[in-house]
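Open the model in your viewer and keep the sequence panel beside it. The stops below say what to select and what is there.

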Amino acid sequence: MITAKTSGRRSRLGRLARREERTAYLFLLPWLAGLLMFWIVPILWSVALSASDWDIISKPSWVGLGNYREMLFDDRHFWLAIRVTLKYILLSVPLYIVAGLVLSLLLNLKLRGMNLFRTILFVPSVLSGVAVAILWVALLNPDVGAVNSILRAVGIDNPPRWLGSPTWAVPSVVLIGLWGVGGGAIIYLSGLQNIGAQLYEAAALDGAGPWRRFRYVTLPMLTPTLLFVLLTSLIDAFQVFDTAFIVSGAQGAAGDSLRFYLLNVWYEGFRNGRLGYASAEAWVLVIAAALVILLIFRTSGRWVYYEYDPEKER
Amino acid sequence: MRWRLTSLLAVILVIGTACGGSGSKTSSGAGSQEKVTLNFWGTKEGYDDYSRALVKAFEAKYPNIHIKVTTYPEDNYNTKIDTALAAGHPPDLGPVGNLRWLRAGKVLPLDDMVREQKIDLSAYNKSIIGDPARVNGEFGCSYQGKLYCLGSYLGAVGVFYNKAMFKAAGIPAPAPWPPMTIDQFVDTACKLTNKAKGVWGGAYGYPVTVVPWETEFSKDGRTAVGIANGPTAVHTYDVMAQGIRQGCAPSLNTMDPWEQGADYFAQGKLAMVVTDLQSFKKIENAKIDYGVTHPPTAQGVEPFLQTWTDVLGVFAGTKHSKEAELFIAFQTTQGQRLRVQVTGDMPISTTVAKEANWAKGIPGREEALEVVPHARPAVFIPNRWDTVGALFEAYDQIVGGKPAQQALNDAAPKVQSDLDKAWKDWDKDKG
Amino acid sequence: MKTVEAPSVRADAPARARAGRVGRRWRPRTLVFRLVMYALLLGLSAFILLPVGWMLTAALKPDRVPVFTATPEWWPREFWHWENFRRVLTESMPFLRYTLNTTLVVVSNVLGVLISCSLVGFGFARMRFRGSKILFSILIITMLIPWQVLMVPQFLMFFKIHWYGTYLPLIVPSFGGTAFFIFLIRQYMRTIPRDLDDAARVDGLNNWQIFWRIILPLSTPVLTVCAVFTFLWNWNNLLGPLLYLDSDEKFTVAIGLANLVTRSDTPWNLMMAANLLSIIPPIVVYFFAQKKLIGGIASVGLKG
């Protein structure tokens, strides 16, 4: 944009910028319209619900901040759920990010049959959550499951009791998720495509070996994708639900060790019939997660490199 | 002149009945000729074959009533009904085993219908029909003196045992009633375990799914502290965990102890198993000579047997309550017999079981029929499964080696706190 | 340092881009390296496929035979009841009709997502406007709101506007964009060098043309990802169809599968067969979509 650099006539600059702004909003129109039509009303409704007591089928009654008070001072499930979910986040997010990245590098190699391998590694993402959970619950059976049979065969005498052990319950869920990490790898793959070969050639000409090429070319160019994966993995981890729901069932034989935050919300709302209280708990989650996410997002400018950043065009 | 008048009157009469009939909202049952469609939302509780046969038989008997069946997944059924009720758009018929709906008045009582249709409930399993003075909880059909649902079969928890293995070990086979104590059960299991052949002596799930709840809770269901970590509970948990630690029982899958139990038993890998009595078909298929006994109980605690049925009822807000009630009546009478034929499930009424010869002379089935009449309503605890989380964890820890008294001492206050919260919510909605 | 030379922007630019495939993917040289990589890949594939093999074994068993055995069976040995697949297709549910219904919903969603998210993603990625930071933050925050609490309010809203019992609540919202994909596309589009934009503006193209003729074609990889994920997610989506559909004729495959799950006497063999069948369409889509995954700016033929 030549005009951006020159201190041209102010009116012309203003008009162009305004035109771009209008065009931008046109591009954004589908999302803005969607927000207005499908999101605003339910969101406001949900916020109102969080200040009420509602069993879904009768009339709601107003309780003001009562739900929040009860949550913080009178409900051990609330704090339990925070602990369990936090443990899950700390274990799963770094693991999934690194594993996805490593896997995508592997899948990006030019080897024969790579299409087939990529497809195979994508299969777990395709299976429905129910199937995956059922499968892995069987495999993780402490006595006769395959995982422990293999562990015993390699000499580990007392393998963990997985879902039946308070310490290993959350790691079991992380393991089940790891099985499906191939699906996330394709996001990295698409990001890898935009790294120009010339950059690699230039680096090679400068004498850089594979590790340095990775460290100084691939990684920096991947940072936009990394940011995306970091944020979405975090959001996913905050909202983990499916596996735990299936393992513990709708009626809920979830021992304390699998009481994830949103599972707890689900129980309170749809099993115990307290949707107002459940909404309040959910909004607490949104606020907490929003703070973390926005913090990461705002500090991302320091480590993420964009080829094209409109905000830097001033 | 007279001829013309009569024919005119006749025409008016005919038109009048036709218009009047199609316009009325509440028809008078079998006498009406209008076509009525009832919405039946169900779960695949068992088998399509049965529901299809049932609907067909019903529509054959009542040609003016059409039943539109829509099947929803079991795990999500409650949510579906909740949203439908919230929108004011529920189905006419469906499983109604949810106390919240009963309390909110969203289900119609069936006592009048039972009286009118002269359905004999005396041989029905008492734990389903209930003792009018007690509140039944989620698997029973009566609440505060009124009956809200009926069923066509009886599901129950029982103990299958392998008669051949007992004989080979020289141990006398247990009688259907009275049940063993948990000590006797685990002891017998250990005697019957044969590591060389890969056979476990017994299999059971978490204590709250095996022994009566009075082991951990007071009779009024409001107290756990002092009982859940009291001597009976501690001893029971300890014994059961020992059984697993010593290899007399396998640690069962946290998700579905019932299904896996029957599988292993049918392969001859278990001498005894506490599981769902509906699995007897699988076991008979494997040609195991089996017997049935009542689930074990803790020392000094009144024995308890979990039962359930396809708790069909009528939702309030239906525009065709009479027709809907007809369907319920049909389902619980002819439906029962039909079900024995199509799926082979145990009928809910012992009379029907005898008439339809459900037992077919198989000793195991006869024993099952002796066991189930001892079913009684459970200790009532609102939001039952939300209060026992700490007990699950405690048991896992004990199996892992933690001393039972310590684990339960840690768990009891947590259970109490959950219990208090559940009761607070429950009492708040009263009146 | 930048050795990228902006290609002159002509109408056939995308075609030239595809033609000039510079080896972006690294061809490993040494044999040892290749062997190690193959070993890794095979190991991973086993990790993935063994459980699937177990599913197949279970699917081929007859009724009333134990499915959970003391030593797990990774490959069918005894039972080969292929008719279970036929049974699933014909007896346990009207599979064909469910598949057609699901296809309708899925394809509409893919269309809606591709159209809306590419537009909105472009807006956030490469345009300057007041409020862009705030709006983007709002976008991220909407991803945080758990569906569990919006479920009932949204349901009641759709009920009030008489969309209950139709496919509309399942399809129309996708035309309003999905935050996840908008975010992804925005990140991707920001990796495309601005030299292309500059050259285009010199040639007199406006924003829309830049979007349509330059950026969009170069974004095939990320759009493929969006399409594949949308397909997948909608194929498996249970709760939406469950809440908004009320007659069997309209049901989707996900509902049919979930119906097989019962807490007592589950027909495991049929359930596993059904799950295996339902994997096939998404896998086929993914297999063919892979070609589009490779592309992007790196494939624009460039001379240093």
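How many residues does the contact take from chain A and from chain C? Select both chains: the contact takes 90 residues from chain A and 92 residues from chain C, two residues being in contact if their C-beta atoms, placed from the backbone, lie within 7 Å. This is a predicted model, in which local features need pLDDT of at least 70 and side-chain atom pairs count only at pLDDT 80 or more, while totals for chains, interfaces and linings use all residues. Residues are numbered from 1 along each chain as its sequence is written, and chains are lettered from A and ligands numbered from 1 in the order in which they are written.

**The side of chain A that touches chain C**

Select residues 10–49 of chain A, helix α2, which supplies 19 residues, the largest share of this side. Helices (H or I, at least four residues) and strands (E, at least two) are DSSP runs, numbered from the N terminus. By type, the residues on this side of chain A are 61 nonpolar, 21 polar and eight charged. Here Ala, Val, Leu, Ile, Met, Phe, Trp, Tyr, Cys and Pro count as nonpolar, Asp, Glu, Lys and Arg as charged, and the others, Gly among them, as polar.

**Chain A as a whole**

The C-alpha trace of chain A spans about 65 × 60 × 30 Å along its principal axes.

**Helix α10 of chain C**

Select residues 207–218 of chain C, a helix of twelve residues that reaches 15 Å from its first C-alpha to its last, close to the 16 Å expected at 1.5 Å a residue (1.5 Å times one less than the number of residues). Which residues of α10(C) are buried? They are C:Asn207, C:Ile210, C:Phe211, C:Ile214, C:Ile215 and C:Leu218, buried meaning that 20 or more other C-beta atoms lie within 10 Å of the residue's own. Look down the axis: the buried residues of α10(C) fall within an arc of 135° (directions from the helix axis to the C-beta atoms), so they line one face of the helix.

**Confidence in chain C**

Chain C averages 80. Select residues 1–24 of chain C, where pLDDT stays under 50.

Key. A residue is buried if 20 or more other C-beta atoms lie within 10 Å of its own, exposed if 12 or fewer, and partly exposed in between; C-beta atoms are placed from the backbone. pLDDT is the predictor's confidence in each residue, from 0 to 100.
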